Amino acid sequence: MNTYKYFKKSKVAMFALIILIIIIGIAIFADFIAPYTYFEQHPENKFLGPNIKNLMGTDQLGRDIFSRVVYGARISIEIGFSSVLIASVLGTLIGAYAGFYGGKFDEIIMRIMDIILSIPSLVLAIALAAALGNGMFNLILAVSLSSVPSYAKVVRSGVISIKEKEYIESALVSGANKNRILFVHILPNCLGPIIVQATIGVGTSILSAASLSFIGMGIEAPRPEWGQMLSEARSYIRDYPYMSLFPGLSIAITILLLNIVGDSLRDALDPKLRRSR
């Protein structure tokens, strides 16, 4: 409750959260909001600027850009949340076991994570996407696997600090089940950093997915992922800049909102930051 009260004090964070919820709502109800389907073509109306009938204009095939941006929100947000879910679950399990059991197991796992972290996440995602091939499932897998080490590091540090508490040491000495101690008593106390990391990670995943689609290694046409829309529009950016403007703004605004919410959550969940303000 204190966390929510502190979060609510930030008007910018609350505004960002409301707009983010609206964007998610648009993605969920895209079928009812979009005036046209994302693949509907009207060649006689191609390259129309924004107007009453086509709020964001039309593209080179006469498709309504507003409808494609709305459907693109569904795909981009689905990729963002799905990849974060996979990455956070895998990273949490790896980091939790490494931090809890320690020793050589921890050393080996963390060195593997360090090797993966030494490769830029986008480069790693490109390599994984190239190996797995195009498609939404493969794109989610590529983006999520490249993000696992960051979650593992966060969870490991939290588990190590909590493991040293007296009540955890007492439970271990008394012979309580180690898995029960880890998942019932330790991990719930690590949820704050995981939630913050996941919130910001959704934005990073959306950007990575858009980057992969932009270079032709993600979602394929005619499915309207925002990065794929930018890729199609780049050939016409001088004559018809609105084709790039709207999907580009969609990416930028969504990531900005997620970062604002994530930063505010971090401040609200950290008592030290709360006391310093």
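Start with a cluster: ring pairs link Phe 47, Tyr 236, Tyr 240 and Tyr 242. Rings of Phe, Tyr and Trp (its six-membered ring) pair if their centres lie within 6.5 Å; planes under 30 degrees apart are stacked, over 60 edge-to-face, and the rest tilted.

Two ground rules. This is a predicted model, where local features need pLDDT of at least 70 and side-chain atom pairs count only at pLDDT 80 or more, while totals for chains, interfaces and linings use all residues. Residues are numbered from 1 along each chain as its sequence is written, and side-chain values use heavy atoms, leaving out hydrogens and water.

Back to the rings. How many aromatic pairs does a search of the whole structure find? It finds 9. Take Tyr 38 and Tyr 71. Their pair is edge-to-face, 5.4 Å centre to centre, with 65° between the planes. Tyr 38 lies in the loop between helix 3 (30-33) and helix 4 (65-101), and Tyr 71 lies in helix 4, so the pair ties together parts 33 residues apart in sequence. Helices here are DSSP runs (H or I, at least four residues), strands likewise (E, at least two), numbered from the N terminus.

Buried or exposed? Buried means under 20% relative accessible area, exposed over 50%, and partly exposed in between (1.4 Å probe, protein chains only). Tyr 71, at 11%, is buried. Tyr 38, at 23%, is partly exposed.

Phe 47 sits in the loop between helix 3 and helix 4; Tyr 236 sits in the loop between helix 12 (226-233) and helix 13 (242-269). Tyr 236 is partly exposed, at 26%.

The charged end of Arg 234 sits over the ring of Phe 214, 4.8 Å from its centre. The cut-offs: NZ of Lys or CZ of Arg within 6 Å of the ring centre and within 35 degrees of the ring normal.

Last, the record. An unreviewed UniProt entry lists residues 73-262 as "domain: ABC transmembrane type-1". Such annotations may be inferred rather than shown by experiment. Over residues 73-262, the chain is 80% helix and 0% strand. The end C-alpha atoms of that stretch are 19 Å apart.

That's the tour.
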